[in-house]
Amino acid sequence: MDDAVVNLKAGDKVEITGIIYTARDQAHKRLVESIQRGEQLPFYLKGQIIYYAGPAPAPPGKAVGSIGPTTSARMDSYAPILVSHGLKAMIGKGPRSGEVKDALIRYNAVYLAATGGVAALLSSYVRSSELIAYPELGPEAIYKLEVENFPAIVAMDAWGGDLYEQSRLIYREI
Amino acid sequence: MREIPVLMITEIVDSLCRKANTVLRPDVLEAIHAMLGMEVSPTGVEVMEQIIKNADLAVVEQLPICQDTGYVTVFLEIGREVVLQGNVYQAVDEGVRRAYIDGYLRKSIVSCPLFERENTGDNTPAFVNIDMVAGDKVRIVVMPKGGGTENASQLRMLSVAGELAAVKEFVMEAAENAAKACPPVIVGVGIGGSFDKVGLMAKKALLRPIPDRNPDLRIAQLEAELLTEINKLGIGPAGLGGRITALTVKIETMPTHIACLPVAVAFNCHAARQAEAII
């Protein structure tokens with residue numbers, strides 16, 4: 001995973017196949033509180049990918065309901081702590097803070113963007129879904145997803161590259 | 001007087017919530033198709049193609065177009081000759097409850113904003129706005145809207161001396177945040193009124209069909225000018241760079257106080273959800 005991450009550059013298109021974990025606002029709060037109290041986390045964080053998403057309920061016969069990314073900026077205050085504990089990638093949408101950028105450089109991790117608002121389409125890349133923690137949080141619970149060719153783009157790399165900043169400058173006319 | 005049982009409101013709100021969440025607004029889909037050729041960023045084009053694919057898949061698979069099935073805002077226009085038998089607010093909430101539980105839509109409402117933030121489990125309460133109008137009909141507009149676009153929205157009481165220039169500057173400042181609201185966005189602007197009315201005006205502006213122009217020519221011109229300026233920001237589809245940051249800008253105005261220039265800027269994402277019915 002370390003080798004894969006270090007070679008990625010902002011703007012690269014990637015497809016993810018394997019296991020990813022959903023977590024958003026309340027789950028992040030709990031994960032970080034657990035780390036601070038020295039407790040064991042509901043999944044082994046090292047080398048993993050977190051998807052900022054709260055899925056719609058799965059209709060009968062489907063592995064998962066619609067599942068697109070939520071705004072990453074709301075997780076900015078939690079992300080550096082998780083990255084410092086071995087998280088390798090986050091999938092979300094929208095620009096992020098300088099603190100997150102610094103953490104990615106320092107700990108060799110990446111931030112990937114998936115397209116927001118195309119959640120039915122993104123659900124078609126999910127093969128299975130299992131609720132693994134915080135069921136009382138409803139859509140904010142942590143789900144373990146098995147994905148195949150899940151499409152994303154490198155938004156921030158481990159070298160300080162930031163697609164949101166760079167691409168805006170290319171197309172900005174004022 | 002025409003008597004209408006509120007059970008009818010429940011049934012209609014239920015079906016409108018399901019429809020709005022699975023069928024992308026046809027004018028938005030048309031605008032995405034029409035503006036695809038104007039996008040110069042390859043990633044931007046790819047994102048717009050994903051939006052079209054997603055809209056098709058959502059209908060075929062009967063899935064919500066976006067997982068954030070949102071706050072449900074309901075606009076009710078009730079004819080003065082109508083008598084609604086029963087509690088209309090409860091009837092709307094019951095419709096939302098049925099749609100969100102039975103229709104596999106995500107429940108996104110927490111009862112307490114500050115402390116427990118516990119999910120209400122049925123996406124209620126809905127946020128209901130009622131207008132009394134002429135006639136013997138009831139018009140129901142349902143607008144489920146995600147938290148991302150809501151968070152990007154802004155309201156400011158500007159200085160009267162700032163005039164038009166200050167209004168434009170504030171709209172452009174708000175538009176800098178469009179990357180967080182799933183662009184290409186719809187921009188709704190309210191100008192005038194009071195602190196409470198201006199936000200509602202901006203939100204109602206989002207409901208207007210994309211080809212619609214404000215009947216006041218000066219306002220229509222301002223809508224066109226702001227759209228051009230916003231699409232020079234470079235934010236682009238999904239915020240990943242490009243020309244198509246907004247699909248349209250809609251402005252509504254109303255009288256205000258001699259000391260006031262309230263302005264509100266509301267956003268809707270490209271996954272714009274809206275459905276309506278008339279009883």
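Helices here are DSSP runs of class H or I with at least four residues, numbered from the N terminus. With that in hand, welcome to a quick tour of this predicted model.

**Helix α4 of chain B**
- Helix α4(B) covers residues 88–102, which makes 15 residues.
- From first C-alpha to last, α4(B) reaches 21 Å, close to the 21 Å expected at 1.5 Å a residue.
- Just after α4(B) comes Tyr104(B), whose phi is positive at about 55°.
- Several residues of α4(B) are buried, among them Ala91(B), Val92(B), Asp93(B), Glu94(B), Arg97(B) and Tyr100(B).
- What do the buried residues of α4(B) pack against? Their partners are α1 (6–22), β2 (71–79) and β4 (127–133) of chain B.

**The four-stranded sheet of chain B**
- Four strands of chain B form an open sheet in the order β6-β9-β7-β8, and their pairing is mixed.
- At the edges stand β6 (154–158) and β8 (246–256) of chain B; each has a single partner strand, so one side of each is left without a neighbour in the sheet.
- From one strand to the next, the twist averages 15°.
- As a reminder, strands of a sheet pair through backbone hydrogen bonds, either parallel or antiparallel.
- Strands β6(B) and β9(B) (residues 261–268) run antiparallel and are joined by five bridges.
- Helix α6 of chain B (residues 163–175) lies across β6, β7 (185–193) and β9 of that chain, and runs at about 160° to β6(B).

**A closer look at Ile52(B)**
- Ile52(B) sits in helix α3 of chain B, which spans residues 42–61.
- Is Ile52(B) buried, exposed or partly exposed? Ile52(B) counts as partly exposed because 16 C-beta neighbours lie inside 10 Å, whereas a buried residue needs 20 or more.
- Apart from neighbours within four places in sequence, Ile52(B) is in contact with Ile32(B) and His33(B).
- Leu76(B) is 24 residues away from Ile52(B) along the chain, and 30 Å separates their C-alpha atoms.

**Where chains A and B meet**
- The contact takes 40 residues from chain A and 43 residues from chain B.
- On the side of chain A that touches chain B, the elements giving two or more residues are α5 (119–123) and α6 (163–171) of chain A.
- Of these, α6(A) gives the most, with seven residues.
- By class, that side of chain A has 21 nonpolar, 15 polar and four charged residues.

Technical notes:
Residues are numbered from 1 along each chain as its sequence is written. Chains are lettered from A and ligands numbered from 1 in the order in which they are written. This is a predicted model: local features need pLDDT of at least 70, side-chain atom pairs count only at pLDDT 80 or more; totals for chains, interfaces and linings use all residues. A residue is buried if 20 or more other C-beta atoms lie within 10 Å of its own, exposed if 12 or fewer, and partly exposed in between; C-beta atoms are placed from the backbone. Two residues are in contact if their C-beta atoms, placed from the backbone, lie within 7 Å. Two strands pair if DSSP finds at least two bridges between them. Axes are lines fitted to C-alpha atoms, for helices over the stretch in contact, and angles run from 0 to 180 degrees between N-to-C directions. The expected span of a helix is 1.5 Å times one less than its number of residues. Ala, Val, Leu, Ile, Met, Phe, Trp, Tyr, Cys and Pro count as nonpolar, Asp, Glu, Lys and Arg as charged, and the others, Gly among them, as polar.
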